[in-house]
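Here are my notes on the model, point by point. Have the structure open while you read.

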Amino acid sequence: MTCKADGVAAAVRAAAAVVAEHRAELIDLDRAIGDGDHGENLNRGFTAVVAALDASPPDTPGAVLKLVATTLISKVGGAAGPLYGTAFLRASTKLGTAEDLDVPALLEALRAGLEGVQARGKAVGGDATMVDALIPAVSAAEKAAEDGGGVAAVLTAAADAADRGAESTVDLVPRKGRASYLGERAVGHLDPGARSSALLLRAFAEAAR
């Protein structure tokens, strides 16, 4: 199974709807350990992404992701815009101008996105950031592909692992971002970036099914 530009755009629209649905949750998570703007910023960014897709539908999967990247970077404040923007930009670069997104290309895009986030934010596993959702997600995607899974199965495995990875941040002492200022006091709180990463991957997985 492969996915063309319209399918990738549909997945992005699904992600935008999920972000809107969970806006208040993400605000509350961020308010507990940050400045409370994660849900609002991300919702504003993805609302702008949908408007950009409506205005000028891209013709390749890579072009869809590049549009997502440039829109998020320009519209989203805080840490989320540069981090997610870099992830989508690295993924789009990896996809190039290919008209179809197949499993090998998907794996390369996921890995490139993770590496982009880590390059931009300097976070590693265990820092209580979105990286704690993305590292297991990419590993699970690669394992699902080895087992013969298609695009939907690979994304579902990634989403399941991202959910578990996000939950793991509850027990971690943050070492990056605003939450790190709280030290031990941040333990017991779910990282909002890890949560939003898991939500996006779940939306992509559901759209691919």
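**Notes on the helix packing and salt bridges**

1. Let me start with N43, which is buried at a relative accessible area of 15% (buried means under 20%, exposed over 50%, and partly exposed in between, with a 1.4 Å probe and protein chains only). N43 belongs to helix α3; helices are DSSP runs of H or I with at least four residues, numbered from the N terminus. Leaving aside residues up to four places away in sequence, N43 touches V19, A20 and R23, where contact means heavy atoms within 4.5 Å.

2. A word on the ground rules. This is a predicted model, so local features need pLDDT of at least 70 and side-chain atom pairs count only at pLDDT 80 or more, while totals for chains, interfaces and linings use all residues. Residues are numbered from 1 along each chain as its sequence is written, and side-chain values use heavy atoms, with hydrogens and water left out.

3. Now the packing of α1 on α3. Helix α1 covers residues 5–21, and it packs against α3 at an angle of about 150° with the axes 9 Å apart. That angle makes α1 roughly antiparallel to α3. For the conventions, axes are lines fitted to C-alpha atoms, for helices over the stretch in contact, and angles run from 0 to 180 degrees between N-to-C directions. Angles over 145 degrees count as roughly antiparallel, under 35 as roughly parallel, 65 to 115 as roughly perpendicular, and the rest as oblique.

4. Which residues make up that contact? From α1 come A9, V12, R13, A15, A16, V19 and A20, and they meet L42, N43, F46, V49, V50, L53 and D54 in α3. Sorted by class, the contact has 11 nonpolar, one polar and two charged residues.

5. On to the salt bridges: the structure holds 11 of them, each being a side-chain nitrogen of Lys or Arg within 4 Å of a carboxyl oxygen of Asp or Glu. One of them pairs R23 with E40, with the closest N and O atoms 2.6 Å apart. This pair links distant parts of the chain, since R23 is in helix α2 (residues 23–33) and E40 is in helix α3 (residues 38–55), 17 residues apart. R23 is partly exposed at a relative accessible area of 31%, and E40 is also partly exposed, with 31% relative accessibility.

6. Another pair worth a look is E142 with R111, whose closest N and O atoms are 3.1 Å apart. E142 lies in helix α7 and R111 in helix α6 (residues 103–121), so the pair ties together parts that are 31 residues apart in sequence. E142 is partly exposed at 25% relative accessible area, and R111 is partly exposed at 30%.

7. E206 and R209 form a salt bridge too, at 3.2 Å from N to O. Here E206 counts as partly exposed, with 43% relative accessibility, whereas R209 counts as exposed at 67%. Elsewhere, salt bridges with shared partners join D160, D163 and R202 into one network.

8. Last stop, A133. Is this residue buried or exposed? A133 is buried, with a relative accessible area of 0%. The residue is found in helix α7 (residues 131–146), and A133 touches A162, G165, A166, A194 and S197, not counting residues up to four places away in sequence. The C-alpha atoms of A133 and D163 are separated by 6.8 Å, although the two are 30 residues apart along the chain.

How values were computed: Helices (H or I, at least four residues) and strands (E, at least two) are DSSP runs, numbered from the N terminus. Ala, Val, Leu, Ile, Met, Phe, Trp, Tyr, Cys and Pro count as nonpolar, Asp, Glu, Lys and Arg as charged, and the others, Gly among them, as polar.
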